[in-house]
Amino acid sequence: MMESKIEEKAKNIALIVEKELGGIKVETEKGTYIPLKSDGLKLHHAGYFIATEPIRFGQLFYAFSLFKTKDKNGKEIEEKKIIPFILDVKYKDGAIDSSDIIPLHELDFIDLGETIAQIEKKTISVYSISTGLPLEVVEKIKNRQFSGNSLDELRAVYQKLKEKLKTHVEQKEVILDIGLCWSIATYWNEVFGVMPILELIGVSGSGKTRFATALCFIAKKGLGIADPTDSNITRIIDGFKPTLLIDDWDEVMRSQKRIAHSILKHVYKQGVLVPRMTQLGKRFFVDMFSPYAPVIITTCEPITEPQLQRRIIEIQCEKSTKQFQVITELNSYFYAYFKDERNKLYELMFVLLPKIFETFKTLEINLPPPYSEIWGPILTVAKLVGDDVFNRIYEYAKNFVIEKEEEVYKEERLILEAIARLFDKQMQVSIDGSKKIERLEFRVSEVWDIMKEIVVKERNELSEKEFETLFKKQKLGLILNRMGVKKGARKGSKGERTRFIDRSELEELCRKFGYNLTDNSDMSDKLGGIPYPPETHENAGKSGEKPGSEDVSACQKVVRVVRLVSGSDGSQNNQNEHNLSLANSNNKFFLRLSDPHRGICSYCGEEKYLEWIDNEGYCLCDGCRWEDE
């Protein structure tokens, strides 16, 4: 043992000498610097996975230890205390090759050959959490005291967990499978780099808290927390990288909405960094934290925000008619109840790591992104557990994606349908009808009115009061901002601001949010050029005289209206097929002129800049156009 250490030190000295002779040497007043290797990876002290050969997997554990050292006089000192260690395991040919146990305070770098990996130790606790990696498992891995078929052992522990779970939880078989595979997948969350947020939804008394707590204490480093804040949640995750359980999420949302949103936005994926200020003495420094951690939440009110919905797997918990054992303290009970199975999963975490990694890389699932990403860890575990479990979960996932895609961006698709209908009302083409409408200018209230017409009158999905409660105009404006619909000028000092959107932008938004323009039966014709009807120009000149009517024919030359009327069978027919002109329309609406000009406004009788024409063929100024509504 002593000889190997001497040889290792000799190699290090030789390396330094070699670098000094052939590399870079920097000399300053303070000393001499010799760069040795590139500063490569940053690894988290609570757990890391290095996919390059040889594969390395490190995990944090705490142990009550006897620490022996010598003072400056050479006297031996003994001290008993809790010390954090890293169990660093190397793999070769799909199996454990070697392992080392290193005190965390002595581990700053890991040599990876041409580069080094730095161990980040920003938040270190003085003690572990109860569900952390136990010393007995560390001893087994270090002494290679594992035997048997590891896949058979995984399947056996899975069945045992399901049997024990059914004693306290009643849910559908596929729901239990998803929950268990998610909990088991947390043991390799560093390998996956993604862990979907598990959202258990149910009414009071549905058993969602009991189910979530059980899954938390099956999972790796399960930890239930209450009252998460912007500061403590970051430090908890950075200290342990635990599996977090946050009960009554809807209450958290009501009290700390911004913080709650930030938590869900960043915890599901590895690599996202959140800046935090750290004070050292009188100076402040910016630290970057990774909030990545598996998270379970329980709630009565499902999360509806599209950005978050795509990072969440929802599970509807149904109220059971069975009478279960009363448990006064869920955390303590489930900690002890699942202890043996949890320890076995910790052992399999090291033994099965190469198999998990290989299965994850080669897993073939036909799900669109990002759903293939968030379902990947669960389906990887299910694949190893058995085909029956995999098929049940995979079928559920495919149906889940279909339902979710219908729900996600539902509001955005409704807005796009309303905007598409506005294109119908304000069609603008050239004389020969060959030019398509290119830009629409509208107000938020116009879109709101059409949305109300669609949802309340046409589809009967909401009552008028429900619609007005759910779709505030201010909310509609915020959604338009998020969609990137540009703002126009404000009409008057206190008037409503307009918006404008190009035809190409509308088509791009429809593609982005999954709205098919052909679903709107009018749009195939309305966004395209339609032949100019000669009747429009002729009939326009026969309209009743008003001040400024001398400009009507000029306006008519550049405007043409396509008005749709309902036939007796409920279908929509092009008004032009019935040779109806612009002047014969009974519904009041306006079109923007393609060549605005000065003239007498037909509404106020004053000389103004004429920008609009109504459906009777009279030109009017911008002020009268909005005032008329």
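**Exercise 1.** In this predicted model, determine which residues are in contact with Leu384 once its neighbours within four places in sequence are left aside.

*Solution.* Step 1: Setting those sequence neighbours aside, Leu384 is in contact with Leu151, Leu154, Arg155, Lys355, Ile356 and Thr359. Step 2: Leu384 itself belongs to helix α14, which spans residues 371–385. Step 3: Ile356 stands 28 residues from Leu384 in sequence, and their C-alpha atoms are 8.2 Å apart in space.

**Exercise 2.** Decide whether Leu384 is buried or exposed.

*Solution.* Step 1: The relative accessibility of Leu384 is 5%. Step 2: Buried means under 20% relative accessible area. Step 3: Leu384 therefore counts as buried.

**Exercise 3.** Describe the surroundings of Ser183.

*Solution.* Step 1: Ser183 is located in helix α4, residues 173–185. Step 2: Its relative accessible area is 0%, so Ser183 is buried. Step 3: Apart from neighbours within four places in sequence, Ser183 is in contact with Leu215, Ile218, Ala219 and Lys220. Step 4: With Leu215, the side chain of Ser183 reaches the backbone oxygen at 2.9 Å.

**Exercise 4.** Characterise the largest pocket and its lining.

*Solution.* Step 1: The volume of the largest pocket is about 1200 Å³. Step 2: Its lining has 35 residues, of which Thr304, Glu305, Pro306, Glu411 and Lys475 are the closest to the centre. Step 3: Helices that each supply at least two lining residues include α8 (249–255), α15 (387–407) and α19 (473–483). Step 4: The most is given by α16, with six residues. Step 5: By type, the lining divides into 15 nonpolar, three polar and 17 charged residues.

Note on methods. Residues numbered from 1 in each chain as written. Predicted model: local features only at pLDDT ≥ 70, side-chain atom pairs only at ≥ 80, totals over all residues. Heavy atoms only, no water. Helix = DSSP H or I, 4+ residues; strand = E, 2+ residues; numbered from the N terminus. Buried < 20%, exposed > 50% of the residue type's maximum accessible area, 1.4 Å probe, protein only. Polar contact = N/O pair within 3.5 Å; in protein donor to acceptor, adjacent residues only side chain to side chain. Contact = heavy atoms within 4.5 Å. 1 Å grid on protein atoms, 1.4 Å probe; cavity = no way out; pocket = protein on both sides within 12 Å on 5 of 7 lines; lining within 4 Å. Points joined across faces, edges and corners; volume = space filled by probe spheres on them. Nonpolar A, V, L, I, M, F, W, Y, C, P; charged D, E, K, R; others polar.
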